[in-house]
Amino acid sequence: MPTVVNWREAQPVVGHESAIVWSCLQPKPTGKAAAWQPAQGEALEKLGVFTLHALQGRKQSDHHKHENREQLYYILDGAGQILCGDLLSPVEEGDIIYLPSGQFHQLFNTGDGWLYHHVINMPVDGDGGQFVLRNWRDVAPLSDKSGAVRWRLLGPVTEREGGCLRGLAFIDREMVQPRRRSAEGNSEDLEQIYYVLAGAGTLVADGQERAIGEGDAIHLSPDTTYYITNTDQAWLTYLIVAAC
């Protein structure tokens, strides 16, 4: 059965000077540590880390970079600015931000309330890449011809539009209509994270059912057959992160 962890169940820590950090999903232990039972959320095999950050109002993160690791921010709530290299850009709810490996970056919260965002890390070979910032509302939706609508936020460098990912396969946003379900899929060779942004429903994976709701981070191993049913009266919305 897939691993499901709600961010509220994770132990918060203070990181990047002014942020509260919840580690939702983390890599599986390796070496001698692999002999022990993995802790809650230690399920990732390819992906680096999947965390939730809350940046205090009128504060900023530290100015830093990551070598051999591409990083992405997804803005959940609030607004601010992102500095990547010498480029300073405004950010808001619904923005996906691609930060190339080896590039210095810093996030600023320009409001009074907290700025909530996901941080997604993926190991890559060497540094480089192109900074990308886009909002899901600027992307054309596609239907799965069942009950879901999907937006391709970012794709691999080989894709013409939004292609920047070097280690990850894609990042999508999907919504399932009330009383409907998504088309059945198989993750094949992909490791995937589904993060529920809003709503509630049921995940059916390899024939087993699991209730899911807002704040749940769901880990799907490769070769998992699954679909999601919306049991709520409102749209069920989630983020999809995939690594091959």
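Buried here means under 20% relative accessible area, with exposed being over 50% and partly exposed in between (1.4 Å probe, protein chains only). This is a predicted model, so to speak of local features takes a pLDDT of at least 70 and side-chain atom pairs count only at pLDDT 80 or more, while totals for chains, interfaces and linings use all residues. Residues are numbered from 1 along each chain as its sequence is written, and side-chain values use heavy atoms, with hydrogens and water left out.

**View A. Strand S16 and its two partners.**
Strand S16 covers residues 168–176, and nine of its nine residues are buried, which makes the strand mostly covered. (Strands are DSSP runs of E with at least two residues, helices are runs of H or I with at least four, and both are numbered from the N terminus.) S14 and S16 run antiparallel and are joined by six bridges; two strands pair if DSSP finds at least two bridges between them. Look for Leu154 facing Ile171 of S16 across this pairing. S16 also pairs with strand S23 (residues 236–243), again in the antiparallel sense, over eight bridges. There, Leu168 stands opposite Ala243 in S23.

**View B. An open three-stranded sheet.**
The strand order is S8-S7-S10, and the pairing is antiparallel. Strand S8 (87–92) and strand S10 (105–109) are the edge strands, each pairing on one side only. Neighbouring strands in this sheet are turned by 25° against each other on average, direction ignored; the axes are lines fitted to C-alpha atoms, for helices over the stretch in contact, and angles run from 0 to 180 degrees between N-to-C directions. Strand S7 (residues 79–84) is joined to S10 by five bridges, and the two run antiparallel. Gln81 sits opposite Phe108 in S10.

One of the pairs is Trp136 with Trp151, edge-to-face at 5.0 Å centre to centre and 80° between the planes. The pair links distant parts of the chain, 15 residues apart: Trp136 is in the loop between strand S12 (132–135) and strand S13 (142–143), and Trp151 is in strand S14 (residues 148–156). Trp136 is buried, at a relative accessible area of 13%, and Trp151 counts as buried too, at 10%. Arg173 lies over the face of Trp136, 4.0 Å from the ring centre; a charge sits over a ring if NZ of Lys or CZ of Arg is within 6 Å of the ring centre and within 35 degrees of the ring normal.

**View D. Tyrosines gathered together.**
Tyr194, Tyr226 and Tyr238 make up one aromatic cluster. How far apart are the ring centres of Tyr194 and Tyr226? The centres are 5.7 Å apart with the planes at 80°, so the pair is edge-to-face. Tyr194 lies in strand S18 (residues 191–198) and Tyr226 in strand S22 (residues 225–230), so the pair ties together parts that are 32 residues apart in sequence. Tyr194 has 3% relative accessibility and counts as buried, as does Tyr226 with a relative accessible area of 9%. For another ring with a charge over it, see Tyr227: the charged end of Arg181 sits 3.7 Å from its centre.

**View E. Two cysteines that don't bond.**
The structure holds zero disulfides, a disulfide being a pair of cysteine sulfur atoms within 2.5 Å. Cys84 is buried at 7% relative accessibility, and Cys164 is buried with a relative accessible area of 4%.

His117 is part of strand S11 (residues 115–123). Is His117 buried or exposed? Buried, with a relative accessible area of 4%. Beyond neighbours within four places in sequence, its contacts include Thr51, His53, Tyr73, Tyr74 and Leu107, where contact means heavy atoms within 4.5 Å. His66 is in the loop between strand S5 (49–55) and strand S6 (69–77). His66 touches Gln71, Ser101, Gly102, His105 and Asp127, not counting residues up to four places away in sequence.

How values were computed. Phe/Tyr/Trp six-rings, centres within 6.5 Å; stacked < 30°, edge-to-face > 60°.
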